[in-house]
Amino acid sequence: MTDAGATGAGVTVRTPAKVNLHLGVGHVRPDGFHPLDTVFHAISLYDDVTVSSGDPGSGPRVRVLGEAHVGLDEVPVDGDNLAHRAARLLGRSEGLAPDVLVEIHKSIPVAGGLAGGSADAAATLVALDRLWGTEVADVDLYRLAAELGSDVSFALLGGSARGTGRGEVLQRLTDHGSWWWVVVIAAEGLSTPAVYRRFDELFTTAPAKPSPGADVERALANGDPAALARALRNDLEPAALDLRPELDGLIHRGEAAGALRGLVSGSGPTCVFLCADAATARAVAGELQATEGPRGAHVLVATGPAAGAHRVTYDRPV
Ligand code: ATP
């Protein structure tokens, strides 16, 4: 039997981008972190990570590939890459030398508010666990994921989930919908820390406890697009719009084109548009391609909820 997901001696794992259907942000804590109460939702926009054994003593080596519009130039290939950190962390935890080649095929835009770096870290953990045959228990994988960053745990889980704490405390949500999204990727990314700084300046009296996304959770459970459209909320949106005022016009154009609702994804600048069905999503994407394409944006259609980090038979050339 063919070992699905392995090409030669490599193992490939695919992980989804996330959007926040609800992002409640509390007042910054003394340690610099913001308490979050969020509803994560994984969409069908993926990075693929292939790991294979490297030369003894080489340490992790990272290669990043993909289309120009995702912003590959901004991805570090040294120890700062989250996949590099994931390889070192799992190696240390399992007592193994992380002498591996990590090839990241990126489709998730860099600094897009879609947690692409976190997706790569989650994929690396799962792929190396397979490559090394370490069979790390899920509870330990989630612990390592939380150590790597607040969005890494959700990239492992996928689907739709409530995230609290810094986003790493997850509770899977019932989601009876099959949701259609138009995703508009800006030509240039936005720094997550810069957006949080602007949030702190704009909302000096933000409540300590972030707002929960009960309405979003209900809409997901009922599979009701109109209710979900009404319930979508992102507390970071005003800060992202302040730094990128042109996104306001984009959201209006997407809604005028027929989307039920447009929203900045996480810290932005990616905007996502919830559509009633596939046909509407394709029509909205076509209209937005015509208006945003000349501005350097990239437009695509995605569905959700998507699976978390999972092995695949590699179907893209490296
Ligand atoms: P988040 O919302 O999770 O903070 P984001 O989706 O806005 O993140 P990422 O694409 O995860 O942004 O990247 C943020 C920064 O992390 C990049 O500018 C880059 O310098 C660094 N980085 C480290 N590893 C990676 C990686 N594997 N892929 C992309 N960026 C990475």
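Is glutamate 135 buried or exposed? With 8 C-beta neighbours inside 10 Å, glutamate 135 counts as exposed, on a scale where a residue is buried if 20 or more other C-beta atoms lie within 10 Å of its own, exposed if 12 or fewer and partly exposed in between, with C-beta atoms placed from the backbone.

Before going on, note that this is a predicted model, in which local features need pLDDT of at least 70, side-chain atom pairs count only at pLDDT 80 or more, and totals for chains, interfaces and linings use all residues. Residues are numbered from 1 along each chain as its sequence is written.

**Stop 1: two residues with positive phi**

Keep glutamate 135 selected: its place is the loop between α2 and α3 (138-148), where helices (H or I, at least four residues) and strands (E, at least two) are DSSP runs numbered from the N terminus. Its phi is near 45°, a positive value in a residue other than glycine. Most residues other than glycine have a negative phi, and most peptide bonds are trans.

Now select alanine 111, in the loop between β5 (100-106) and α2, whose phi is likewise positive, near 50°. Alanine 111 is buried, with 22 other C-beta atoms within 10 Å.

**Stop 2**

Valine 110 sits in the loop between β5 and α2 and is partly exposed, with 18 other C-beta atoms within 10 Å. Leaving aside neighbours within four places in sequence, valine 110 is in contact (C-beta atoms, placed from the backbone, within 7 Å) with Val70, Gly71, Glu74, Val75, Gly116 and Gly189.

Alanine 115 belongs to the loop between β5 and α2, and is buried, with 31 other C-beta atoms within 10 Å. On the same terms of sequence separation, within four places being left aside, alanine 115 is in contact with Ala17, Lys18, Asp151, Ala155 and Gly266.

**Stop 3**

**Stop 3**

Colour the chain by its domain assignment, which gives domain 1 (6-172 + 306-311) and domain 2 (179-304), with bounds that come from an automatic or database assignment.

The C-alpha centres of domain 1 and domain 2 lie 23 Å apart, and the contact takes 34 residues from domain 1 and 38 residues from domain 2. On the side of domain 1 that touches domain 2, β2 (10-25), β3 and β6 (160-164) each supply at least two residues, and β3 gives the most, with nine residues. By class, that side of domain 1 has 17 nonpolar, 14 polar and three charged residues.

**Stop 4: the nonpolar core**

Which residues have the most contacts inside the largest nonpolar core? They are Ala122, Leu125, Trp181 and Val182, in a core of 94 residues, where a core is a set of buried Ala, Val, Leu, Ile, Met, Phe, Trp, Tyr and Cys residues joined through C-beta atoms within 7 Å. Strand β3 (residues 36-53) gives the most to this core, with nine residues. Domain 1 and domain 2 both give residues to the core, so the core lies between them.

**Stop 5: two cis peptide bonds**

Finish with the peptide bond from glycine 268 to proline 269, which is cis with omega near 5°; proline 269 is in the loop between β10 (261-264) and β11 (271-275). The bond from glycine 304 to proline 305 is also cis, with omega near 0°, and proline 305 lies in the loop between β12 (298-304) and β13 (310-311).

How values were computed:
Contact = placed C-beta atoms within 7 Å. Nonpolar A, V, L, I, M, F, W, Y, C, P; charged D, E, K, R; others polar.
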